[in-house]
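Student: I would like to go through this structure by question and answer. Please show it first.

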Amino acid sequence: MKKSHSQWSSRMGFMLAAAGSAVGLGNIWKFPYMAGEMGGSAFVLTYLLFMFLIGLPILVLEWLIGRRGQKNPIHTMEDVAVSEGRSKLWKWVGMIGVLGSFLILSFYSVIGGWATDYIFLAIKGTFNGVDGAGTGQIFSNFLGNVNSLLIWHTVFMAANTLIVALGVGAGLERSCKVMMPGLGILLLVLVGYAAYVSGPSFGEAFNFLFTPNLSALNGTAILAALGHAFFSLSLGMGIMMAYGSYLGKDVNLLSTARTVVILDVIVAMLSGMAIFPLVFANGLEAGSGPGLIFVTLPIAFGNMAGGTILGCLFFIFLTFAALTSSISLLEPTVELLEEKTHMGRKTATVVSSILIWALGIACILSFNEWSNVKLFDKNIFDLLDYLTSKIMLPVTGLGTVVFGAWMMNQKRIREELKLNEFWFSIWTVLSRFIVPIAVILILIYGFI
Ligand code: PHE
């Protein structure tokens with residue numbers, strides 16, 4: 001079998017690529033608006049807990065299984081299952097994963113397109129001097145304009161196609177090395193700015209996000225927090241499994257996973273602390289949904305010294321953060337087509353992109369002309385998001401952890417993770433019981 005993307009040049013390169021996949025729109029766009037809709041800290045603290053307790057073990061297992069299989073997710077699952085003396089049917093875990101990445105990319109690209117468009121709005125000075133009503137208007141005009149949504153979605157998908165068709169190896173690794181620290185610095189500047197201009201609202205935002213408020217904890221928030229932990233770590237889509245397949249034996253999975261989870265969480269928290277002070281200081285609605293970051297941050301950019309440059313940089317980095325993630329989302333479908341058909345890599349990339357692009361158009365229309373087209377009371381965008389984040393990712397994650405903890409030889413896993421007796425017993429309790437039970441309970445809740 002051909003390898004469709006190159007081997008990581010170093011542990012650092014792998015870590016940055018994995019972090020590049022993890023850190024994306026999920027942290028900067030989705031996390032803040034979900035926290036806003038779900039009552040703040042109840043969602044945030046549950047999400048943090050799930051990231052370490054549930055996300056981290058599954059991340060480790062995806063890498064571990066991928067490194068064993070050395071192939072794409074579907075064949076990896078099949079091969080590893082057979083070598084452990086289990087049914088070939090385990091390949092379905094890989095299949096649902098690939099389908100999930102296909103569906104997610106269709107709407108992810110639309111939002112990536114928003115970010116790209118906002119670079120140009122910032123450059124043109126569109127936000128200069130605007131208030132909350134103004135940015136809200138700009139955003140809703142934008143959502144109503146099918147043509148510009150379509151153009152930016154197309155541009156974003158084209159960028160993906162280009163990079164994936166050429167191969168992601170050195171280019172992606174190297175760009176992540178520049179992009180990730182850059183994004184971090186910018187976020188710090190934004191948090192500093194938010195603290196500076198919003199006065200007491202900064203404390204209010206901090207309390208909103210971090211002061212435990214158990215009364216706001218409900219099943220919906222818990223389900224959303226779990227789904228988001230999966231989404232944010234790029235789990236349950238075979239992506240981390242594929243990334244693991246290019247890993248050298250010497251890389252310590254646990255410590256690498258810990259670093260990736262911590263980085264991912266920090267970016268999400270910083271985004272929250274950049275955005276909510278501005279939301280409260282400007283009397284905006286925290287629960288305003290997917291438009292949150294496109295409506296609130298421009299107010300800051302439009303009214304601060306150097307805001308045009310900062311705004312422009314912010315949306316450039318947002319676009320790149322989205323790109324380093326969306327490339328990883330395209331990969332599984334491309335790999336599948338490459339192996340199951342006679343297509344070469346370039347053709348497979350173009351065909352996958354066109355299919356995903358077409359589904360993206362349905363997503364675009366759900367914001368305007370088709371906003372009344374609803375299934376289960378959700379428009380197409382919401383439905384895709386719900387189906388993937390809340391059902392497919394947890395189901396695949398559950399399959400992965402049940403396979404890893406119950407179907408595989410545990411002694412070998414212990415050696416591979418280099419755990420002593422004590423930590424291995426904790427690992428066992430987590431991976432065999434706590435993680436699967438938590439995911440099952442939350443899935444059941446999601447259905448009723
Ligand atoms: N983890 C990415 C984010 O937070 C999204 C993503 C999901 C990327 C799945 C790849 C795979 O934005």
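Student: Is Lys418 buried or exposed?
Tutor: This is a predicted model, in which local features need pLDDT of at least 70, side-chain atom pairs count only at pLDDT 80 or more, and totals for chains, interfaces and linings use all residues. Residues are numbered from 1 along each chain as its sequence is written. A residue is buried if 20 or more other C-beta atoms, placed from the backbone, lie within 10 Å of its own, exposed if 12 or fewer, and partly exposed in between. Lys418 has 12 C-beta neighbours inside 10 Å, so Lys418 counts as exposed.

Student: Where is Lys418, and what is its phi?
Tutor: Lys418 is in the loop between α17 (410-417) and α18 (421-447); helices here are DSSP runs of H or I with at least four residues, strands are runs of E with at least two, and both are numbered from the N terminus. Most residues other than glycine have a negative phi. Lys418 is not a glycine, yet its phi is positive, at about 55 degrees.

Student: Is Ser234 buried or exposed?
Tutor: Ser234 is found in the loop between α10 and α11 (239-244). Ser234 also has a positive phi of about 55 degrees without being a glycine. With 29 other C-beta atoms within 10 Å, Ser234 is buried.

Student: Which residues have the most contacts inside the largest nonpolar core?
Tutor: A nonpolar core is a set of buried Ala, Val, Leu, Ile, Met, Phe, Trp, Tyr and Cys residues joined through C-beta atoms within 7 Å. The largest one has 150 residues. Those with the most contacts inside it are Phe43 and Leu59.

Student: Which residues is Phe43 in contact with, leaving aside its neighbours within four places in sequence?
Tutor: Two residues are in contact if their C-beta atoms, placed from the backbone, lie within 7 Å. For Phe43, the partners are Met34, Ala35, Met38, Ala221, Ala224 and Ala225.

Student: What do the buried residues of α7 pack against?
Tutor: Helix α7 spans residues 146-166. Among its buried residues are Trp152, Phe156 and Asn160. They pack against α5 (91-123), α14 and α15 (345-365).

Student: How far apart in space are Gly85 and Met407?
Tutor: Gly85 is in the loop between α4 (73-83) and α5, and it is exposed, with 8 other C-beta atoms within 10 Å. Gly85 and Met407 are 322 residues apart in sequence. Their C-alpha to C-alpha distance is 8.6 Å.

How values were computed
Expected span 1.5 Å × (residues − 1).
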